[in-house]
Protein chains: 2
Amino acid sequence: MTTPVTEQKVEGDQVVNPWEVSAKDGGKIDYDKLIEKFGCQRIDQTLVDRVERLTSRPAHIFLRRGVFFAHRDFIEIMDLYENGKKFYLYTGRGPSSEALHLGHLVPFMFTKYLQDAFKVPLVIQLTDDEKCMWKNLSVEECKRLARENAKDIIACGFDITRTFIFSDFNFIGGAFYENMVRVSKCVTFNKVVGIFGFTNEDHIGKISFPPVQAVPSFPSSFPHLFSNTKNLRCLIPCAIDQDPYFRMTRDVAPRLGYNKPSLIESSFFPALQGETGKMSASDPNSAIYVTDSSKDIKNKINKYAFSGGQDSIENHRKFGANLEVDIPYKYLSFFLDDDAELEHIKTEYGAGRMLTGEVKKRLIDVLSELVERHRRARAAVTEEMVDAFMAVRPLPNMFS
Amino acid sequence: MTTPVTEQKVEGDQVVNPWEVSAKDGGKIDYDKLIEKFGCQRIDQTLVDRVERLTSRPAHIFLRRGVFFAHRDFIEIMDLYENGKKFYLYTGRGPSSEALHLGHLVPFMFTKYLQDAFKVPLVIQLTDDEKCMWKNLSVEECKRLARENAKDIIACGFDITRTFIFSDFNFIGGAFYENMVRVSKCVTFNKVVGIFGFTNEDHIGKISFPPVQAVPSFPSSFPHLFSNTKNLRCLIPCAIDQDPYFRMTRDVAPRLGYNKPSLIESSFFPALQGETGKMSASDPNSAIYVTDSSKDIKNKINKYAFSGGQDSIENHRKFGANLEVDIPYKYLSFFLDDDAELEHIKTEYGAGRMLTGEVKKRLIDVLSELVERHRRARAAVTEEMVDAFMAVRPLPNMFS
């Protein structure tokens, strides 16, 4: 059998799909090319301003700093919102490991902001079935990981009156399964080969999974939530590597008489070693974990965070830091909320008046505080709270 | 893309799979070749005698007349039964049409006998999801057909204290879905191409379905029934065209630590026009339906039942009927319970002393009575009874 050629591979050496993110020749991901190839739109300042106006609050740091940089039909969602029409949010996670790293938190922190700002309901899918099929993990282990990950997600501060968290193993059935079948009918094997790069040697679990991630985009999959709001629109905040799932979903939706989901998509949170891909759960030194102690964080940043500073103090004072590749600066741009301070660091560090050590120290403080806050919040999440978030129930505070 | 070559097609012109049954050059299905190709065993008289001894009752007409003619590990099931170990039965139907024909009743009539004779629990799967994916039918229509078909199945006389009927759309989820995922992980696309003849142009619904039909073979798919009997064996009565599903299931089972299901398999109930395949729901004149009136039955048999009698009375008296191709005689061998009378017809009709008209008349009587009995039984099936059979519940009379 010939190995099928994937969409990703014919168009260049940059590979971005749900299982692989790698830039051309070990360089940086070219997000402009990705936008062009995937066919989504860039988020511009006008759109950020509009979100601020509609929500009467400053845009989230990830929106103002361009971490969430691309979208599909987000303008349409804003048009409807401006006319009094609410929407719902859908995001998720594949629970393949117990400890989340900072990159995993990015979509959830942003989703919490969207929920608070727009006052809309949210469904969070934990694809324990996917991880069971992709990784060498048992059903039981994936279900356990889903529940552990749910605690980290809840710790991000979601509003229980507007949030339904579910794991596929616990929730699939009924109207959700009916939509899985409807989607499956519309997608050929050739099509998933084109979108996801499957081969004939892949098992049928992988091949049958894409509809599972597609159907939370349709409100009819959640009759306990959306029984009277069939035309409710869906907005999906996610990293752009998940785009293939939703290209497929958007392709299928009109044939089922459903609305296409809208997307708001982020770039990848870079590894400590440098910005050539996203952080990897398989290399513990490539990422800061929410379980790391302040001492771990200090050691990892001092030891592994790729610096754009020069090789000697003399040269650094002379040429300044290369901010394009500097990971401490990049991480601060994700998490240092004070725009003036970040601007100050940019200027001083870029000009060589501030040293890498100083920037790293500031980052260690920022991340230690963030991780410590998360740790405290997670410790307060009880099993009863997990049960409550995952209970199949109408949401009491859906749109108010 | 090249069209994959199927197991069925490389080994000859005879095609038998869940979607197609056709003999070589328009002739009869060669069941000996099928047994050899599929790798199952023939049921011999010793085994029939043993079943009679173990159950203290005469073998069912379909067993004694060789309608159920092949098996996989049925001897092992009987060995265990003789040592006091019970098993459970699993059969099913794809609800693609409202009216069942006699061929559809064959596995259910036989399964009822097995349930009564061995006093064992039974699960009946209605694959409404399969029919939604294969036919141009909506989810809603398939669910309706499943419920209508359940009434015909219940009318066959199953014991509600030992029988759980479920439709995939209503039941899939939980432990059943977990087993679907476990099976899916073990089967590659190449494998299902080999077994079922799928192509790259087939939609992923078809490709993802085989595990759905596989997992009722495992007691852990029904925790409400079999929570304390993980090693319970499963016996599947079905027509031999379903064998591919269970070859796949038996291949996968040991890798999951599960027992392989056993099978007891029937030949096809022939079309009125002759024994070249099975009856077709798409040609109403190829079959006797359980909804046909006595007048319909009389007309269809007189007009369409292929006769092995000679073209003139003179020749018939001289050469006798060709019983090998005679449909009225064949049908009587399925449904005329009196062995002595069938033997008499065989002798007299075969020798030309009995005419086709007389044999057809006897068949019309036998089938009219059968269909009338079914109609009365079905009319007595209430919606509440359907709910009761399909309720997810422990069976009160599981093994007693």
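**View 1. Salt bridges across the predicted model.** Over all chains, the count comes to 64 salt bridges. The model shown in every view is predicted. One pair within chain B is Arg233(B) with Glu76(B), whose closest N and O atoms are 3.0 Å apart. Side chains of opposite charge can pair when their charged atoms come close.

**View 2. The interface of chain A with chain B.** Here 35 residues of chain A are in contact with 35 residues of chain B. The size of an interface is often given as the accessible area lost when the parts come together. Chain A and chain B bury about 3,100 Å² between them. Carbon and sulfur atoms account for 61% of that area. On the chain A side, Tyr177(A), Lys185(A) and Ile204(A) supply 23% of the area buried against chain B.

**View 3. Salt bridges between the chains.** Four salt bridges are counted between chain A and chain B. A salt bridge joins the side chains of Arg182(A) and Glu140(B). The N to O distance for Arg182(A) and Glu140(B) is 2.8 Å.

**View 4. Helices H18(B) and H19(B).** Helix H18 of chain B spans residues 327-335. H18(B) packs with H19(B) at an angle of about 165 degrees, and their axes are 10 Å apart. Angles over 145 degrees count as roughly antiparallel, so H18(B) is roughly antiparallel to H19(B). Their crossing is left-handed. H18(B) contributes Tyr329(B), Leu332(B) and Ser333(B) to the contact. From H19(B) come Leu342(B), Ile345(B), Lys346(B) and Tyr349(B). By class, the contact of H18(B) with H19(B) has five nonpolar residues, one polar and one charged.

**View 5. Helices H19(B) and H20(B).** Helix H19 (residues 339-350) and helix H20 (residues 356-379) of chain B pack at an angle of about 160 degrees. The axes of H19(B) and H20(B) are 11 Å apart. The angle makes H19(B) roughly antiparallel to H20(B). The crossing of H19(B) and H20(B) is left-handed. In H19(B), the residues in contact are Glu341(B), Ile345(B) and Tyr349(B). They meet Thr356(B), Val359(B) and Arg362(B) of H20(B). Three residues of this contact are nonpolar, one is polar and two are charged. Ile345(B) and Tyr349(B) meet H20(B) and also take part in the contact with H18(B).

Key
Residues numbered from 1 in each chain as written. Chains lettered and ligands numbered in written order. Predicted model: local features only at pLDDT ≥ 70, side-chain atom pairs only at ≥ 80, totals over all residues. Heavy atoms only, no water. Axes fitted to C-alpha atoms, helices over the stretch in contact; angles between N-to-C directions. Helix = DSSP H or I, 4+ residues; strand = E, 2+ residues; numbered from the N terminus. Parallel < 35°, antiparallel > 145°, perpendicular 65-115°, else oblique. Left-handed = near helix turned anticlockwise from the far one by under 90°. Contact = heavy atoms within 4.5 Å. Nonpolar A, V, L, I, M, F, W, Y, C, P; charged D, E, K, R; others polar. Buried area = accessible area lost by both parts, 1.4 Å probe.
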